[in-house]
Structures are given as structure tokens and as C-alpha cells.
Amino acid sequence: MTALVTLNGNAASLLLSDINTDTIAPLVRSNQGLQPAGIRSNTELAQRLFGPWRYTSDGQENPEFVLNKPPFRQAKFLIAGENFACGSSRETAATMLKAFGIRCIIAPSFGLIFKDNCFRNHMLPLVLPKEEVDKLSLMAMHEENFSLDLSDCTLKTESNYSISFSLPNFRKEMLINGSDEVATTLLREHLINQYETSASNLRPWQLFT
Amino acid sequence: MSVDGTLFNKIWNRHVVADLGEDFYLLYVDRHVVPDFNGSAFTRLRDRGLKVRKPDLTFATADHSVSTDPNNADVLQNLNPHVQNLRQDTKEFGIKNFDLGQIGHGIVHVITPEMGIALPGLTVTIGDSHTCTNGALGALAWGVGQGEIVHILATQTCVQQKPKTMRINLEGQLPPEIGGKDLVLFIIGQLGVAAGNGYAVEYSGSAIDSMPMESRLSLCNMSVEWGARYGIIAPDQITFDYLKDRTYAPKGAQWDSAIQDWLELTSDKDAEFDQEYTLDVTELKSQITWGNSLDMVTSINGCVPYLDEVKNSAQRANMEAAISYMGLKEGGDLIGLEVHRVFIGSCTNSRISDLRAAANIVKGRKVALHVKAWVVPGSEMVKRQAQQEGLDKIFLDAGFEWRNPGCSMCLSANGETIGPGERAISTANRNFAGRQGPGSRTHISSPIVAAAAACAGFIVDPNQMESKELNQ
């Protein structure tokens, strides 16, 4: 697992609201047929990110799209508008961003399934007020360097902008330790056992007992 | 005032396995249904040497990837790797898989209610955003990502941050032709696509009290389309009548005790919600979307807005892009727009009552010559019921394709796409640019609006049944 403690680099600004996960992580339509099965490679994931906007209909790169512009090809941050990654629950919306190199997305709000998917993949969906997001977007366009430090929960930029944010401990620890949710929950197996016993007695139909 | 007295909180509190602090909880999952697009969850499980904790609480069915083509020579879809993987995985881990052609096969959110898998007061998770559909039964149901599927398989629990609560009171008697789909499109039009973000929404009010179960399912289905991960309706006699004798519903004495328990599942009179809205829906008309976001919606007799009238610049930019993508004109009527494709199906509107409503419009009419129209029943059970009632014949006689159950053209995963520039009326739930194929132009509506458009060849008001364009 890959912990996230610090992150430094450029930020790409895509200040539109309600960007959906169909756009972030399009399905593969191989010859208009079925997408192949199996776990995707990072190369494939990175390539498919923002497909409908990043490529023209003939498969060429769209030079106007921010992630195709030289300074932002190595972006580590993404700045977006409200309700980022709404829609489908597909986890590839998070893993494609990560495979591209983006591990922190800053927006006024996120689609909730996406938000959970990010933490599980050790990425930070950072919620900031709209005014701050707008400021950061301008700095991003000026190609300022962004730096994130989760040990003290601060985000700084080259022009001495600095903001601190709060993060629930549960989430913060998951990022800093690169810990895995399944392993963490399995440590609580005794509580799950207890719950099952008590629920079966209270409402037998709940667990088919 | 009692914060814990909301229906949502009552069910939540019943399922807390551990309080993880700062509003995070480990919740027990009572029912888990795994679809075919599951991010290779079983492979991930196997690679870590983990087992499925509760195979008897876990179900599976293939819906996203299946071909719904009735002439597909590979009837059991043995060549579809997603279907094959699901078969092997469920066999290996001892999970009930509702396979193609069997009762129980279909779109996850159609089969979960119809098989009695989702029940009032239970928690239900599925690796699909439209899991909120099942909240219509009074279940706490939410969509999860593929990593969460692995977590739930291994632990039968899910970590969730407690959301805020919202109640929407829908007041008034709905016209008979207006259902849950129109209602939810109207709500999204009024409140916006992000208004429910961070909330669990309870739908209530006189319009809900008299609403049939399948219409409630359509309503709750699209909660996620305005940001709410959970949508819920308090269980009542309509819910109990719907669930009685369903395959996995409790039977006999257990049914009686369940009903006693379920009757307690309502928000207390003094329950406090973080947000509350009341909407009058008495005169509601059929709704249809015009743009690429679901808040770009109007009554069927409405028109595309004028951009000058939109003050918010970000919103105006989105609308301008949508008008261009959709090939529309500012101020133009929706009625009269030529239609090329019609899709009646999806987890929103593919249940028997949807097909009956559509067939009622189609009966005695023909699909316009330039229109390619499909009916994709939501499940094997719906398909058989419709065939028993002769609905398939009505659709086929009119020139529709009568297809096999699956998600089909909602997300267009199996080559079942709409061509670039083609205008489609779809009863699904998303009008995002490219959702039904690159360049496809999707309008979302109820089944009767879609059925009427198929016959007319352009968008019409299905409630103007006598108009000559419908009797071409």
C-alpha cells in the first residue's frame, strides 16, 4: 500500500461543476462491444482518464484540454468545481486519477461514493470553500507549485498561500499509514460476531436465522 | 426534538457494529448483491486469501455486461468473460448467482426488491450507485465502490460517515399518468443536481402515501442523481402487500413479527431533519430533460431556456455546452424534436407497471419508420409476466424490439449504443454527454413519454393522445 503524507507538484484546474464519473473514467468500448474483464494496468488506467475530453473523436490528443498541456501532464493535484465525480460508483474514477499521478483533488464538494473510493486508494479529496477553490484555481493556472502535508494538514503554494484543513482521524490515519480498510476491520471481528449473535436473536429474518 | 427519531437514524442505529469516531461508523450489511462489473472483487479476495464471511447474505447477478439481443446465438453468454467470471466466482465462494434465463436474473435493482432480498429496516449494499432504489422499501440501501465490495464480502460490514438528514414532503394528488420518474425529475429541476449531496433523503407526504410501490422505486432510484447516496420511504401497507410471499421475504410467524417491527419504522412526529422541503405536486406534468445534466429538465410542453436569463455564469456555460451538444436552439420547444431511438428499460423504469403504461400508449399504433425502438424488461420475472399479459406482442406488433433483461442502453456497455448525433428518448437515469455512446443525444423521460415519441417519431405529449401525430 502506498501511504500519502506529502505531495508536491503542479495542479491542473478544471473548474466545472458536476463533472461525472462517466467523463472521468469512460467505459472501454472495444469495437462497440464489451469491455474486457480483469484488473487494469496502471498504464491503461492513466491513458483512459478523462477520455471524452482528452482525446478527439479520431483518438488524437485534444491540445486544449488541461491535462494535455505540457506543465500539467505531470499534475499531482486537480482543482474542480462543485459535486465533482457525481454519478456512477465506478472506482476507476479514483484509480485512473491516481494512475495519472493525481492524488489530491480539491473541490467545494464531491460525489460521496467517489470520496470514499479516494480514501480507500490513499488519495485525498480535499473539501474547501468555493472562494478558496477559486483562488487556488488561479494559482494553478499560473503554474504555481502546490505542496500538501498531511502530518499537519496544510496545503501551501509557491506564492505563500497557506491553508490548514481538518480531516477525521479515521481517514487521516488511513492515508498516512497507507493502511487497508479490510485489514483494519478484520481486527474488529469479535464485534462483528457479537453483532450477529444479538441481531439474530432480535430479528431472525435479518440474517435468515 | 429528537434527532435520533428519523427513520434513517433508527435503521442506522440498528446496524452499528462499532463507532469509529467523528461520525464514522462500522455498519453491518444485511444483504449484499454483487453485479458483473465488480472490479474483479473476487480475484482481489482470493489473492489475499480471504473468504466471503456470509455467503448466505450475498447474492449475484450479471446485468451491466449482458447482451440483451434476443437473437444472440450465445444464449447463455458463455463467451462473455464477465458472465463467466461471475459464475465461477460465485460457485467457488458458495454464493447464489441468478443466472441468465432464470427467475431472479435481471438488473440488480429490479431483482433485489422483486425477490424480497431488500426488506424494510435492513441494510442493503450493491456495487452500483443506484442502490438507493431499494430505499423505497424502507431499507437503508447505498451504492458502494468496487473496493468496498471486497470489504463487504470479507467482513459483512461497511464503513460509512453518517450523513445529514433531509425530508422532502411531496404534497398533493398526482395525476394518474404521473409517476415516480416525473416526480424525481421535477425535484431535481427544482433543487439542482447537488442539493442532496451529503444527505440521506426521506420522501414523504400525501403524494407518497398513495404512490404504488414500483413508482416509489423509480423515485428512490434517482436519489443519487441529485447527490443523495440514500433515499428512503417509510414502509406501509403498500410495502407489505408488495413484499408478501416474495422468495426471500420472511414467511409465517416470522412475517407477522416482521410486520410488527416494520410498523415502528417511521420518523417520529418530533423528528428533526437537517433540511426540509415541501413541494406541491398537484398539477405536475410529464417531465423531460433537454440537456446533459438532470437539472436541465422541463415539463413536456416546455422549451429550452434562453441563456440570457441565466445569471450564474458557470451554470450558463454548462447550459450553453449542452444546447450545442444536444443540437438544440435557445427557446426552442421540446415537442416536435425528431427522435431516432427510443429505449424503454433500465433500473429506473423497466418494471411491469412501466411496461404496462408504455404498452397502453403503443397499443394500436406503429413505431415511426425512422425510429428504432427497444423495450428491455428489467428482469426475467418482468419479462415472463409481460409475455403472459401479451405486452410483448403489443410492442412487437408496433415495431419495437422485445429484448432480454439487462442494463443495455442505459450505460451502453455491450455494444448496445446510440450513434453520434442520434436523438434518443430514454427511460433510464442519466443524460450525460456520451453516456449512451459517443455523440449520442439523450433525453430522459417516463415510459409513456418514450412510448409516445417512438410512435410519433418526434417528442409529443403522451397525454394529448387524440392528436393526429400519434395516429399517423
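1. In this predicted model, B:G104 touches B:T61, B:F98, B:I111 and B:M115, if residues up to four places away in sequence are left out of the count. The residue sits in the loop that runs between β5 (96-98) and α4 (108-114) of chain B. B:G104 counts as partly exposed because 19 C-beta neighbours lie inside 10 Å, whereas a residue is called buried if 20 or more other C-beta atoms lie within that distance. Between B:G104 and B:C410 there are 20 Å in space, taken from C-alpha to C-alpha, and 306 residues in sequence.

2. Turning to the contact between the chains, 48 residues of chain A are in contact with 60 residues of chain B. On the side of chain B that touches chain A, at least two residues each come from β1 (16-21), β2 (24-28), α3 (81-93), α5 (146-155), β8 (157-161), α10 (252-262) and α11 (313-325) of chain B. The element that gives the most to this side is α5(B), with seven residues. Sorted by class, the side of chain B that touches chain A has 27 polar, 24 nonpolar and nine charged residues.

3. The largest nonpolar core has 210 residues, and those with the most contacts inside it are A:L78 and A:I79 from chain A together with B:V342, B:A453 and B:A454 from chain B. Helix α15 (residues 447-456) of chain B gives the most to this core, supplying nine residues. In soluble globular proteins, nonpolar side chains tend to be buried together.

4. Which residues does B:V342 touch, not counting residues up to four places away in sequence? They are B:V371, B:A373, B:W374, B:A424, B:I425, B:A450, B:A453 and B:A454. Of these, B:A453 and B:A454 are also listed, like B:V342, among the residues with the most contacts inside the largest nonpolar core.

5. Chain B also holds an open sheet of four strands, which has the order β11-β10-β9-β12 and parallel pairing. Because β11 (230-232) and β12 (275-280) of chain B stand at the edges with a single partner strand each, one side of each is left without a neighbour in the sheet. On average, and with direction ignored, neighbouring strands of this sheet are turned by 20° against each other.

6. Within that sheet, strand β9 (residues 164-171) of chain B is joined by six bridges to strand β10 (residues 199-204) of chain B, and the two run parallel. B:N169, for instance, has B:S204 as its bridge partner in β10(B).

Key: Residues numbered from 1 in each chain as written. Chains lettered and ligands numbered in written order. Predicted model: local features only at pLDDT ≥ 70, side-chain atom pairs only at ≥ 80, totals over all residues. Contact = placed C-beta atoms within 7 Å. Nonpolar A, V, L, I, M, F, W, Y, C, P; charged D, E, K, R; others polar. Core = buried A, V, L, I, M, F, W, Y, C linked by C-beta atoms within 7 Å. Buried ≥ 20, exposed ≤ 12 C-beta atoms within 10 Å, placed from the backbone. Pairing = 2+ DSSP bridges. Axes fitted to C-alpha atoms, helices over the stretch in contact; angles between N-to-C directions.
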